[in-house]
Amino acid sequence: MPLDLELAPIKDRVAALNNELGDAAPEDVLREALQSAGVGLTAMVSSFGAESVMLLHMLSRIDRLVPVLFIDTEMLFPETLSYQKELTCTLKLNSRVITPDRAKMFERDTDGLLHRNDPDACCALRKSEPLEQALSNFDAWITGRKRVQGGVRAQMQVFEADGTRLKVNPLANIAAQDVQAYIDTHNLPRHPLVARGFPSIGCAPCTTKAKADENPRAGRWRGMEKTECGIHLKAGPADHNTTSGVAE
Ligand code: SF4
């Protein structure tokens, strides 16, 4: 009897979806995920960073009503805030800006320097907790992560379990040059900091330029062991190979 994806446990849905779409083109993954009963109510999460426009453009051509969650940590570059507004307007996205809880920020980051003393706690306060709250009404979320970004992302699957929620990574399989080729083909605007030497862009205090011969993410939390903000570090309850130890 075929698996009823809507009712199946998350580890079975992840396995079935990866079996069906694990090698599919990004547009096909995105389209099928948004229509699959096994995925459910879905939001895209975007940093509006260096390469985000590729997936945002795909979404705009498939379903503009899908919410695009953007976490404004209040530590972002002003160029990122402008770019988010520009892309939301030109691609007609259903963007939702998520901000950290003000009372918690006052209590836990009074002087705005938590990122220097405890960056993991800062990312939890400004990114992970607001995102978890924003995702609480969704069954699944879409990310722009790629295996070529290396580190813990190198092993990720197109579909993953994120607790009881599904995570969809349509760009997991693409090659680095595919991003630029897509952007060129569709004449899409790049984040203005890319031309100024930032191939990966997060919060301003934690992002530096990267040289051409470095990993594009080398400028993130430079000099620290930290390589991820934490929003992708939660392992699924039944599949320890999903996001283990692992945004745009
Ligand atoms: S990237 Fe830096 S400033 Fe942004 S939330 Fe994390 S530690 Fe804080």
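**Exercise 1. The ligand shell**

Which residues around the ligand come nearest in this predicted model?

Solution. Start with the 13 residues around the ligand. The nearest are P119, C122, C123, C203 and C206. Next, look for the element that gives the most to this shell: helix α7, residues 119–135, with five residues. Then sort the shell by type. Eight residues are nonpolar, three are polar and two are charged.

**Exercise 2. The length of a helix**

Find the span that helix α4 should have, and compare it with the distance between its end C-alpha atoms.

Solution. Helix α4 covers residues 78–90, which makes 13 residues. The expected span is 1.5 Å times one less than the number of residues. That gives 18 Å for α4, and its end C-alpha atoms are 18 Å apart, so the two agree.

**Exercise 3. The faces of α4**

Which residues of α4 are buried, and which exposed residues lie on the face turned away from them?

Solution. Take the buried ones: T80, Y83, Q84 and L87. Seen down the helix axis, they fall within an arc of 105°, so they line one face of α4. These buried residues pack against α3 (52–62), β2 (67–71) and β3 (94–98). Now turn to the face away from the buried side: it carries the exposed residues P78 and C89. Just after α4, K92 takes a positive phi of about 55°.

**Exercise 4. The whole fold**

How many helices and strands does the protein have, and how compact is it as a whole?

Solution. Count eight helices and six strands. The radius of gyration is 17 Å, close to the 18 Å that the globule rule gives for 248 residues, so the protein is as compact as a globular protein of that length. Of the 248 residues, 41% count as buried.

Conventions
Residues are numbered from 1 along each chain as its sequence is written. This is a predicted model: local features need pLDDT of at least 70, side-chain atom pairs count only at pLDDT 80 or more; totals for chains, interfaces and linings use all residues. Helices (H or I, at least four residues) and strands (E, at least two) are DSSP runs, numbered from the N terminus. The radius of gyration is taken over C-alpha atoms; the globule rule is 2.2 Å times the number of residues to the power 0.38. A residue is buried if 20 or more other C-beta atoms lie within 10 Å of its own, exposed if 12 or fewer, and partly exposed in between; C-beta atoms are placed from the backbone. A residue is near a molecule or strand if its C-beta atom, placed from the backbone, lies within 6 Å of it. Ala, Val, Leu, Ile, Met, Phe, Trp, Tyr, Cys and Pro count as nonpolar, Asp, Glu, Lys and Arg as charged, and the others, Gly among them, as polar. The arc is that of the directions from the helix axis to the C-beta atoms. Two residues are in contact if their C-beta atoms, placed from the backbone, lie within 7 Å.
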